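Please look over the sequence and the model before reading on.

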Amino acid sequence: MSSESYLLNIPELVMNIILDKLDFKSVQTLRKVSRDLREFIDDQKPDPRIEEITVSALESGDLKFCYKNPQAEVSLCYEVRDGGKCALVYEGKERILETEENLLNRAFKDFETIFRNQNSTLKLLKLNLNHFDNVVDLLKTVLKSRSQRLKVETLVTDQVMKILPFLNPDSLLELNIFGSTDQPIRTLGVLEINELAERGPKIQELSIWDCYVPSASLQVFTRFSKCSIDVELVHLNDVLLLKKALLQSPIFQKFRLYYTTFPDIQQFFDAMGPPISEPQTSELCKTWKFPDTQLRIILVVNCEKPKILFLRQ
């Protein structure tokens, strides 16, 4: 009896136990044994239990997918070759794919096959799509085709407003937003900021970099326990209002405010009063403590990107 026949004669209950013990890499290998096994596996829909997925759209036009859990880690790179052929690079080996589909369609077809039965929560979904609209559209199609919204704990992306609608809002705990490195730094609009707060009601930690936030919107971000944002211009009144809002927040722990220009910084020093310690070196770092409120404010201006750090002790 061949190994394939033996597998097909295993009782369904036992086969499901075996599938439950296999990592996602082994399940995909088993799907390739025969059509009958592939149909059985696809009918049973085993959860691949992937914990981390990274999708990167490279400037060359290539696509890279990384899948990871404690049992396995797989990296697939889809590259364009002469004549428009699609090559799959896996574990250092290259295979030309015999397909009439273009690179994007083939890559996301494989992505959907690996990922479609994911019911457990992803610990990390990282999407570096570089504003390639065709890549974003294909990703949205895959996410939209799922019977239920994908559960993700941490999302890292440059396309947040296009991806958030397809995620389970109750599972998302941390959000990292970044801008495109090949485009001018943009400023998030007020509507975007409000929608962000509405679509992520359980988010505890938020970081935004290479994107500016309007200083007038700072108080919106006090609903997160930990926050790191970037403003182009900040004024004393913005900082004082932020301080007041943070003191009123029951969940606030840490708030990093990076800024490019702070024209009335001297007035800030006057309003804060004497710091508790002066810098011992050329580093310009001043600290203020407010014992009654367990608040500590640290101003650092010696680095490439000056910041004001608010901490609850």
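This is a predicted model: local features need pLDDT of at least 70, side-chain atom pairs count only at pLDDT 80 or more; totals for chains, interfaces and linings use all residues.

Residues are numbered from 1 along each chain as its sequence is written, and side-chain values use heavy atoms, with hydrogens and water left out.

The protein chain has 10 helices and 16 strands, these being DSSP runs numbered from the N terminus (helices H or I, at least four residues; strands E, at least two). Of its 313 residues, 43% are buried, where buried means under 20% relative accessible area, exposed over 50% and partly exposed in between, with a 1.4 Å probe and protein chains only. Among contacts (heavy atoms within 4.5 Å) with a separation of 6 or more, 55% join residues 24 or more positions apart.

Helix 9 and helix 10 (residues 265-272) pack at an angle of about 35 degrees, with their axes 9 Å apart; axes are lines fitted to C-alpha atoms, for helices over the stretch in contact, and angles run from 0 to 180 degrees between N-to-C directions. On the helix 9 side L236, V239, L240 and K243 take part, and they meet Q267, F268, A271 and M272 of helix 10. One of these, K243, counts as buried because its relative accessibility is 18%. Leaving aside neighbours within four places in sequence, K243 is in contact with M272, F290, L295, I297 and F310.

Rings of Phe, Tyr and Trp (its six-membered ring) pair if their centres lie within 6.5 Å, and planes under 30 degrees apart count as stacked, over 60 as edge-to-face and the rest as tilted. The rings of F268 and F269 have centres 6.1 Å apart and planes at 55 degrees, so this pair is tilted. F268 also pairs edge-to-face with W288, at 5.5 Å centre to centre and 80 degrees between the planes. That pair links distant parts of the chain, since F268 is in helix 10 and W288 in strand 14 (residues 285-290), 20 residues apart. Both F268 and W288 are buried, and F269 is buried too.

The charged end of K286 sits over the ring of F269, 5.7 Å from its centre; such a charge is counted if NZ of Lys or CZ of Arg is within 6 Å of the ring centre and within 35 degrees of the ring normal. Elsewhere, F65, Y67, Y78, F108, F111 and F115 form one aromatic cluster, and the charged end of R146 sits over the ring of F115, 5.2 Å from its centre.

Where does S249 lie? S249 is in the loop between helix 9 (236-248) and strand 13 (254-261), and a relative accessible area of 7% makes S249 buried. Neighbours within four places in sequence aside, S249 is in contact with T222 and R312, and a polar atom of the S249 side chain lies 3.3 Å from the backbone oxygen of T222.

D230, in strand 12 (residues 226-233), counts as buried because its relative accessibility is 10%. Not counting residues up to four places away in sequence, D230 touches I208, C211, Y212, V213, Y258, Y259 and K305.

Conventions: A polar contact is a pair of N or O atoms within 3.5 Å; within protein, one must be able to donate a hydrogen and the other to accept it, and residues adjacent in sequence count only if both atoms are side-chain atoms.
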